[in-house]
Amino acid sequence: MTSNGTMAVPRVGIIGAGFMGEVHARAARAAGAEIVGIASRTLASAQATAAPLGVPAFASLDDLLAAKPDVVHVCTPNDTHAAISAQVVAAGVAVVCEKPLAASSADARALMDAAAEAGVVNTVPFVYRFHPMVREARALVQQGAIGTVLSVQASYLQDWMLLQTDANWRMSDGSSRAFADIGSHLCDLVEFVTGDRIVRLSARTRTVYAERAGLPVSNEDIAAVMVEFAGGTIGTLLVSQMAAGRKNALEFELHGAEQSVRFEQEKPEQLHIGSRAGTMVRHRDASQLTPDAARLSVVPSGHPMGYQDAFNGFVRDTYSALCGVAPESLPTFADGLRAAVMTEAVVASAGQAGAWVAVES
(Lines give C-alpha, C1' and ligand atoms only; values in the text may rest on other atoms or scores of the structure.)
Protein backbone atom coordinates (compact mmCIF):
# COMPACT_ATOMS: atom_id res chain seq x y z
CA MET A 1 0.00 0.00 0.00
CA THR A 2 1.10 3.56 -0.63
CA SER A 3 1.08 6.33 1.97
CA ASN A 4 -2.43 7.41 0.96
CA GLY A 5 -3.82 3.88 1.40
CA THR A 6 -4.02 2.93 -2.26
CA MET A 7 -2.48 -0.16 -3.80
CA ALA A 8 0.91 0.35 -5.48
CA VAL A 9 0.92 -2.93 -7.45
CA PRO A 10 -2.08 -5.30 -7.14
CA ARG A 11 -1.23 -8.83 -6.04
CA VAL A 12 -3.26 -11.15 -8.25
CA GLY A 13 -4.24 -14.78 -7.83
CA ILE A 14 -5.86 -16.79 -10.62
CA ILE A 15 -7.85 -19.99 -10.14
CA GLY A 16 -8.48 -21.93 -13.33
CA ALA A 17 -5.69 -23.01 -15.65
CA GLY A 18 -7.48 -23.19 -19.00
CA PHE A 19 -7.82 -20.74 -21.87
CA MET A 20 -9.59 -18.09 -19.79
CA GLY A 21 -6.98 -18.32 -17.05
CA GLU A 22 -4.33 -17.51 -19.65
CA VAL A 23 -6.36 -14.54 -20.96
CA HIS A 24 -6.74 -13.17 -17.43
CA ALA A 25 -3.03 -13.67 -16.74
CA ARG A 26 -2.04 -11.73 -19.86
CA ALA A 27 -4.40 -8.91 -18.89
CA ALA A 28 -3.05 -8.81 -15.33
CA ARG A 29 0.51 -8.59 -16.62
CA ALA A 30 -0.46 -5.87 -19.09
CA ALA A 31 -1.92 -3.88 -16.19
CA GLY A 32 1.37 -4.12 -14.32
CA ALA A 33 0.09 -6.44 -11.59
CA GLU A 34 2.08 -9.06 -9.72
CA ILE A 35 0.70 -12.58 -10.23
CA VAL A 36 1.27 -14.36 -6.92
CA GLY A 37 0.10 -17.73 -8.20
CA ILE A 38 -2.22 -19.85 -10.29
CA ALA A 39 -4.37 -22.59 -8.79
CA SER A 40 -6.30 -25.40 -10.42
CA ARG A 41 -8.03 -28.67 -9.58
CA THR A 42 -4.67 -30.42 -9.81
CA LEU A 43 -1.19 -29.16 -9.18
CA ALA A 44 -0.09 -30.51 -12.58
CA SER A 45 -2.63 -28.42 -14.51
CA ALA A 46 -1.76 -25.33 -12.46
CA GLN A 47 1.94 -25.87 -13.19
CA ALA A 48 1.30 -26.19 -16.93
CA THR A 49 -0.11 -22.65 -17.00
CA ALA A 50 2.07 -21.13 -14.28
CA ALA A 51 5.47 -22.36 -15.51
CA PRO A 52 5.59 -20.32 -18.76
CA LEU A 53 4.67 -17.24 -16.71
CA GLY A 54 7.31 -17.93 -14.09
CA VAL A 55 4.82 -17.80 -11.21
CA PRO A 56 3.98 -20.26 -8.41
CA ALA A 57 1.40 -23.02 -8.90
CA PHE A 58 -1.09 -24.12 -6.25
CA ALA A 59 -3.34 -27.15 -5.96
CA SER A 60 -6.16 -25.43 -4.09
CA LEU A 61 -7.91 -22.14 -3.50
CA ASP A 62 -6.89 -22.27 0.17
CA ASP A 63 -3.22 -22.35 -0.85
CA LEU A 64 -3.78 -19.46 -3.27
CA LEU A 65 -5.49 -17.34 -0.60
CA ALA A 66 -2.60 -18.07 1.76
CA ALA A 67 -0.38 -16.17 -0.71
CA LYS A 68 -2.33 -13.01 0.27
CA PRO A 69 -3.62 -11.78 -3.10
CA ASP A 70 -5.50 -8.48 -3.31
CA VAL A 71 -7.80 -9.94 -5.95
CA VAL A 72 -8.63 -13.43 -7.22
CA HIS A 73 -9.70 -14.09 -10.81
CA VAL A 74 -12.13 -17.03 -10.97
CA CYS A 75 -11.71 -18.80 -14.33
CA THR A 76 -12.92 -22.30 -13.41
CA PRO A 77 -15.82 -24.33 -14.91
CA ASN A 78 -19.22 -22.63 -14.66
CA ASP A 79 -20.70 -24.78 -11.92
CA THR A 80 -17.89 -23.84 -9.51
CA HIS A 81 -18.06 -20.04 -9.88
CA ALA A 82 -20.50 -19.32 -7.06
CA ALA A 83 -18.83 -21.44 -4.39
CA ILE A 84 -15.33 -20.22 -5.20
CA SER A 85 -16.38 -16.57 -5.38
CA ALA A 86 -18.22 -16.88 -2.07
CA GLN A 87 -15.08 -18.26 -0.41
CA VAL A 88 -12.95 -15.44 -1.81
CA VAL A 89 -15.46 -12.80 -0.68
CA ALA A 90 -15.61 -14.39 2.79
CA ALA A 91 -11.82 -14.00 2.96
CA GLY A 92 -12.22 -10.26 2.33
CA VAL A 93 -10.52 -10.44 -1.07
CA ALA A 94 -11.70 -8.75 -4.27
CA VAL A 95 -13.09 -11.00 -7.01
CA VAL A 96 -13.11 -11.05 -10.78
CA CYS A 97 -15.51 -13.89 -11.65
CA GLU A 98 -16.04 -15.23 -15.14
CA LYS A 99 -19.65 -15.47 -16.22
CA PRO A 100 -22.02 -16.98 -15.41
CA LEU A 101 -21.66 -15.59 -11.91
CA ALA A 102 -23.95 -18.36 -10.63
CA ALA A 103 -26.32 -21.04 -11.87
CA SER A 104 -29.40 -19.10 -10.72
CA SER A 105 -30.42 -15.51 -10.13
CA ALA A 106 -31.00 -16.35 -6.45
CA ASP A 107 -27.39 -17.50 -6.05
CA ALA A 108 -26.11 -14.52 -8.05
CA ARG A 109 -28.07 -12.13 -5.85
CA ALA A 110 -26.66 -13.78 -2.72
CA LEU A 111 -23.14 -13.28 -4.05
CA MET A 112 -23.82 -9.65 -4.94
CA ASP A 113 -25.17 -9.01 -1.45
CA ALA A 114 -22.26 -10.82 0.20
CA ALA A 115 -19.71 -8.78 -1.76
CA ALA A 116 -21.50 -5.55 -0.85
CA GLU A 117 -21.55 -6.53 2.83
CA ALA A 118 -17.85 -7.45 2.75
CA GLY A 119 -17.02 -4.20 0.94
CA VAL A 120 -14.84 -5.93 -1.67
CA VAL A 121 -14.44 -4.93 -5.31
CA ASN A 122 -16.32 -7.37 -7.55
CA THR A 123 -16.42 -7.52 -11.35
CA VAL A 124 -17.61 -9.78 -14.18
CA PRO A 125 -15.82 -9.72 -17.57
CA PHE A 126 -18.40 -8.29 -19.93
CA VAL A 127 -15.36 -7.16 -21.86
CA TYR A 128 -16.99 -6.18 -25.15
CA ARG A 129 -17.98 -2.95 -23.37
CA PHE A 130 -14.30 -2.08 -23.48
CA HIS A 131 -13.90 -1.80 -27.24
CA PRO A 132 -13.31 1.92 -27.89
CA MET A 133 -15.86 1.98 -30.71
CA VAL A 134 -18.53 0.46 -28.46
CA ARG A 135 -17.96 3.40 -26.11
CA GLU A 136 -18.20 5.73 -29.11
CA ALA A 137 -21.54 4.20 -30.12
CA ARG A 138 -22.77 4.66 -26.56
CA ALA A 139 -21.66 8.30 -26.58
CA LEU A 140 -23.59 8.91 -29.80
CA VAL A 141 -26.74 7.60 -28.11
CA GLN A 142 -26.12 9.62 -24.95
CA GLN A 143 -25.52 12.80 -26.94
CA GLY A 144 -28.76 12.32 -28.88
CA ALA A 145 -26.82 12.20 -32.16
CA ILE A 146 -28.88 9.32 -33.56
CA GLY A 147 -32.16 10.55 -32.06
CA THR A 148 -34.59 8.42 -30.10
CA VAL A 149 -33.69 4.74 -30.44
CA LEU A 150 -36.61 3.10 -32.24
CA SER A 151 -35.38 -0.45 -32.76
CA VAL A 152 -32.43 -2.74 -32.17
CA GLN A 153 -31.17 -5.56 -34.34
CA ALA A 154 -28.44 -7.66 -32.73
CA SER A 155 -26.86 -11.08 -33.05
CA TYR A 156 -24.06 -13.24 -31.70
CA LEU A 157 -23.16 -16.05 -34.08
CA GLN A 158 -20.54 -18.81 -33.81
CA ASP A 159 -20.02 -22.16 -35.56
CA TRP A 160 -17.98 -24.20 -33.09
CA MET A 161 -20.96 -26.53 -32.41
CA LEU A 162 -22.05 -26.84 -36.04
CA LEU A 163 -21.48 -30.58 -36.47
CA GLN A 164 -23.07 -33.42 -34.52
CA THR A 165 -19.57 -34.64 -33.77
CA ASP A 166 -18.86 -31.33 -31.98
CA ALA A 167 -19.24 -31.81 -28.24
CA ASN A 168 -18.41 -29.79 -25.13
CA TRP A 169 -19.12 -29.94 -21.39
CA ARG A 170 -21.40 -26.90 -21.78
CA MET A 171 -24.02 -29.00 -23.64
CA SER A 172 -25.06 -30.62 -20.35
CA ASP A 173 -24.28 -27.66 -18.07
CA GLY A 174 -27.55 -26.07 -17.00
CA SER A 175 -30.83 -25.25 -18.70
CA SER A 176 -29.27 -22.86 -21.22
CA ARG A 177 -26.07 -22.97 -23.28
CA ALA A 178 -26.06 -20.66 -26.31
CA PHE A 179 -27.98 -17.86 -24.63
CA ALA A 180 -26.32 -18.19 -21.21
CA ASP A 181 -22.87 -18.39 -22.79
CA ILE A 182 -22.94 -15.71 -25.51
CA GLY A 183 -26.46 -14.26 -25.40
CA SER A 184 -25.59 -12.80 -22.00
CA HIS A 185 -22.83 -10.75 -23.67
CA LEU A 186 -25.25 -9.61 -26.37
CA CYS A 187 -27.89 -8.45 -23.89
CA ASP A 188 -25.30 -6.71 -21.74
CA LEU A 189 -23.97 -4.86 -24.77
CA VAL A 190 -27.32 -3.64 -26.13
CA GLU A 191 -28.47 -2.49 -22.68
CA PHE A 192 -25.10 -0.81 -22.09
CA VAL A 193 -25.07 1.08 -25.40
CA THR A 194 -28.73 2.08 -25.39
CA GLY A 195 -28.70 2.98 -21.70
CA ASP A 196 -32.07 1.23 -21.45
CA ARG A 197 -33.31 -2.00 -19.90
CA ILE A 198 -35.16 -4.89 -21.53
CA VAL A 199 -38.46 -5.27 -19.68
CA ARG A 200 -40.24 -7.97 -21.71
CA LEU A 201 -39.17 -10.72 -24.06
CA SER A 202 -40.50 -13.58 -26.14
CA ALA A 203 -38.08 -16.39 -26.95
CA ARG A 204 -37.91 -19.51 -29.05
CA THR A 205 -34.99 -21.91 -28.78
CA ARG A 206 -33.85 -24.91 -30.77
CA THR A 207 -31.73 -27.91 -29.88
CA VAL A 208 -30.71 -29.36 -33.23
CA TYR A 209 -29.25 -32.66 -32.02
CA ALA A 210 -30.53 -34.62 -29.03
CA GLU A 211 -27.07 -36.07 -28.63
CA ARG A 212 -23.56 -35.19 -29.74
CA ALA A 213 -20.65 -37.58 -29.96
CA GLY A 214 -22.84 -40.15 -28.20
CA LEU A 215 -23.60 -37.84 -25.26
CA PRO A 216 -27.02 -36.30 -24.43
CA VAL A 217 -27.64 -32.60 -25.03
CA SER A 218 -29.76 -30.80 -22.42
CA ASN A 219 -29.76 -27.21 -23.67
CA GLU A 220 -30.16 -25.08 -26.79
CA ASP A 221 -27.96 -24.45 -29.82
CA ILE A 222 -29.96 -21.44 -31.07
CA ALA A 223 -32.13 -18.78 -29.46
CA ALA A 224 -34.26 -16.15 -31.19
CA VAL A 225 -35.61 -13.44 -28.89
CA MET A 226 -37.95 -10.49 -29.41
CA VAL A 227 -37.41 -7.78 -26.80
CA GLU A 228 -39.08 -4.60 -25.58
CA PHE A 229 -37.16 -1.93 -23.68
CA ALA A 230 -38.44 0.31 -20.90
CA GLY A 231 -38.28 3.35 -23.18
CA GLY A 232 -40.40 1.72 -25.88
CA THR A 233 -37.58 0.49 -28.16
CA ILE A 234 -38.27 -2.92 -29.71
CA GLY A 235 -35.69 -5.35 -31.01
CA THR A 236 -34.63 -8.79 -32.14
CA LEU A 237 -31.72 -10.85 -30.83
CA LEU A 238 -30.40 -13.97 -32.58
CA VAL A 239 -27.91 -16.23 -30.84
CA SER A 240 -26.46 -19.33 -32.47
CA GLN A 241 -23.50 -21.64 -32.03
CA MET A 242 -24.35 -23.34 -35.34
CA ALA A 243 -23.89 -20.50 -37.85
CA ALA A 244 -21.44 -21.88 -40.42
CA GLY A 245 -18.52 -19.57 -41.09
CA ARG A 246 -19.20 -17.24 -38.17
CA LYS A 247 -16.47 -17.42 -35.56
CA ASN A 248 -17.30 -14.68 -33.08
CA ALA A 249 -19.76 -12.46 -34.90
CA LEU A 250 -21.12 -10.20 -32.17
CA GLU A 251 -22.99 -7.35 -33.85
CA PHE A 252 -25.58 -4.71 -33.02
CA GLU A 253 -27.36 -2.03 -35.01
CA LEU A 254 -29.39 0.71 -33.35
CA HIS A 255 -31.96 2.52 -35.48
CA GLY A 256 -32.55 6.03 -34.22
CA ALA A 257 -35.06 8.60 -35.38
CA GLU A 258 -32.22 10.49 -37.12
CA GLN A 259 -29.37 8.04 -37.68
CA SER A 260 -28.38 4.41 -37.20
CA VAL A 261 -25.16 3.05 -35.71
CA ARG A 262 -23.70 -0.41 -36.28
CA PHE A 263 -20.81 -2.20 -34.54
CA GLU A 264 -19.27 -5.55 -35.53
CA GLN A 265 -16.93 -7.19 -33.01
CA GLU A 266 -14.97 -8.90 -35.79
CA LYS A 267 -14.30 -5.43 -37.25
CA PRO A 268 -13.86 -3.53 -33.97
CA GLU A 269 -11.94 -0.58 -35.41
CA GLN A 270 -14.99 1.04 -36.98
CA LEU A 271 -18.61 2.10 -36.66
CA HIS A 272 -21.10 2.36 -39.50
CA ILE A 273 -23.25 5.45 -39.09
CA GLY A 274 -26.23 5.62 -41.40
CA SER A 275 -28.61 8.36 -42.45
CA ARG A 276 -31.09 8.81 -45.26
CA ALA A 277 -28.34 10.58 -47.21
CA GLY A 278 -25.99 7.61 -46.97
CA THR A 279 -23.70 5.64 -44.69
CA MET A 280 -20.32 6.70 -43.37
CA VAL A 281 -17.63 4.68 -41.61
CA ARG A 282 -16.02 6.18 -38.51
CA HIS A 283 -12.61 4.67 -37.79
CA ARG A 284 -10.94 4.52 -34.40
CA ASP A 285 -8.81 7.63 -34.00
CA ALA A 286 -8.32 8.83 -30.43
CA SER A 287 -8.02 12.45 -31.53
CA GLN A 288 -11.53 12.26 -32.98
CA LEU A 289 -13.24 10.15 -30.32
CA THR A 290 -15.23 11.12 -27.26
CA PRO A 291 -13.18 11.04 -24.01
CA ASP A 292 -14.24 7.63 -22.71
CA ALA A 293 -13.61 5.97 -26.08
CA ALA A 294 -10.27 7.78 -26.44
CA ARG A 295 -9.24 6.60 -22.95
CA LEU A 296 -9.57 2.97 -24.07
CA SER A 297 -7.77 3.60 -27.37
CA VAL A 298 -4.29 2.59 -26.22
CA VAL A 299 -2.49 2.18 -29.56
CA PRO A 300 -2.28 4.61 -32.48
CA SER A 301 -4.99 4.67 -35.11
CA GLY A 302 -4.32 2.17 -37.88
CA HIS A 303 -2.79 -0.34 -35.45
CA PRO A 304 -5.71 -2.71 -34.85
CA MET A 305 -7.04 -3.35 -31.37
CA GLY A 306 -9.02 -6.48 -30.53
CA TYR A 307 -10.37 -8.87 -27.90
CA GLN A 308 -7.30 -9.04 -25.67
CA ASP A 309 -7.05 -5.23 -25.72
CA ALA A 310 -10.68 -4.99 -24.59
CA PHE A 311 -9.99 -7.56 -21.88
CA ASN A 312 -6.92 -5.62 -20.78
CA GLY A 313 -9.03 -2.47 -20.51
CA PHE A 314 -11.53 -4.26 -18.30
CA VAL A 315 -8.78 -5.53 -15.99
CA ARG A 316 -7.10 -2.11 -15.82
CA ASP A 317 -10.38 -0.57 -14.71
CA THR A 318 -10.92 -3.34 -12.16
CA TYR A 319 -7.51 -2.66 -10.65
CA SER A 320 -8.26 1.07 -10.64
CA ALA A 321 -11.29 0.24 -8.49
CA LEU A 322 -8.98 -1.61 -6.11
CA CYS A 323 -7.06 1.65 -5.79
CA GLY A 324 -10.18 3.61 -4.88
CA VAL A 325 -10.98 5.03 -8.31
CA ALA A 326 -14.44 4.32 -9.73
CA PRO A 327 -14.10 3.92 -13.52
CA GLU A 328 -17.23 4.50 -15.56
CA SER A 329 -19.27 1.47 -16.55
CA LEU A 330 -17.27 -1.22 -14.77
CA PRO A 331 -19.36 -4.43 -14.90
CA THR A 332 -19.94 -5.81 -11.40
CA PHE A 333 -21.76 -8.68 -9.72
CA ALA A 334 -24.95 -6.66 -10.30
CA ASP A 335 -24.39 -7.17 -14.04
CA GLY A 336 -23.72 -10.86 -13.42
CA LEU A 337 -27.07 -11.00 -11.66
CA ARG A 338 -28.68 -9.22 -14.61
CA ALA A 339 -27.33 -11.89 -16.98
CA ALA A 340 -28.79 -14.64 -14.79
CA VAL A 341 -32.18 -12.89 -14.73
CA MET A 342 -32.16 -12.51 -18.53
CA THR A 343 -31.26 -16.18 -19.03
CA GLU A 344 -34.03 -17.35 -16.72
CA ALA A 345 -36.54 -15.19 -18.61
CA VAL A 346 -35.46 -16.67 -21.95
CA VAL A 347 -35.72 -20.24 -20.60
CA ALA A 348 -39.17 -19.48 -19.11
CA SER A 349 -40.47 -17.92 -22.33
CA ALA A 350 -39.13 -20.72 -24.53
CA GLY A 351 -40.75 -23.23 -22.21
CA GLN A 352 -44.10 -21.55 -22.88
CA ALA A 353 -43.76 -21.65 -26.70
CA GLY A 354 -42.51 -18.10 -26.92
CA ALA A 355 -44.93 -16.47 -24.53
CA TRP A 356 -44.07 -12.90 -23.49
CA VAL A 357 -42.32 -12.87 -20.11
CA ALA A 358 -41.58 -9.86 -17.94
CA VAL A 359 -37.89 -9.38 -17.09
CA GLU A 360 -37.19 -8.54 -13.48
CA SER A 361 -35.48 -5.16 -13.15
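Trainee: In this predicted model, which residue forms a salt bridge with Arg284?

Mentor: The closest N and O atoms of the pair are 2.9 Å apart. Arg284 sits in the loop between β16 (278-283) and α8 (291-296), and its partner in the loop between β14 (260-264) and β15 (270-275), so the bridge ties together parts that are 15 residues apart in sequence. Both residues of the pair are buried. The partner of Arg284 is Glu269.

Trainee: Asp317 and Arg295 meet in a salt bridge; which helix holds Asp317?

Mentor: The N to O distance in this bridge is 2.9 Å. Arg295 lies in helix α8 and Asp317 in another helix, residues 307-322, so the pair ties together parts that are 22 residues apart in sequence. The helix that holds Asp317 is α9.

Trainee: Is Asp317 buried or exposed?

Mentor: Buried means under 20% relative accessible area. The value for Asp317 is 4%, whereas Arg295 has 38% and counts as partly exposed. Asp317 is therefore buried.

Trainee: How many residues apart in sequence are the parts that Asp159 and Lys247 tie together?

Mentor: The two side chains meet in a salt bridge of 2.9 Å, N to O. Asp159 lies in the loop between β7 (149-157) and α7 (178-194), and Lys247 in the loop between β12 (234-240) and β13 (249-256). The parts that this pair ties together are apart in sequence by 88 residues.

Trainee: How many salt bridges does the structure hold?

Mentor: Some are linked in a network that includes Arg246, Glu251 and Glu253. Arg262, Glu264 and Lys267 also belong to that network. The number of salt bridges in the structure is 23.

Conventions. Residues numbered from 1 in each chain as written. Predicted model: local features only at pLDDT ≥ 70, side-chain atom pairs only at ≥ 80, totals over all residues. Heavy atoms only, no water. Salt bridge = Lys/Arg side-chain N within 4 Å of Asp/Glu carboxyl O. Helix = DSSP H or I, 4+ residues; strand = E, 2+ residues; numbered from the N terminus. Buried < 20%, exposed > 50% of the residue type's maximum accessible area, 1.4 Å probe, protein only.
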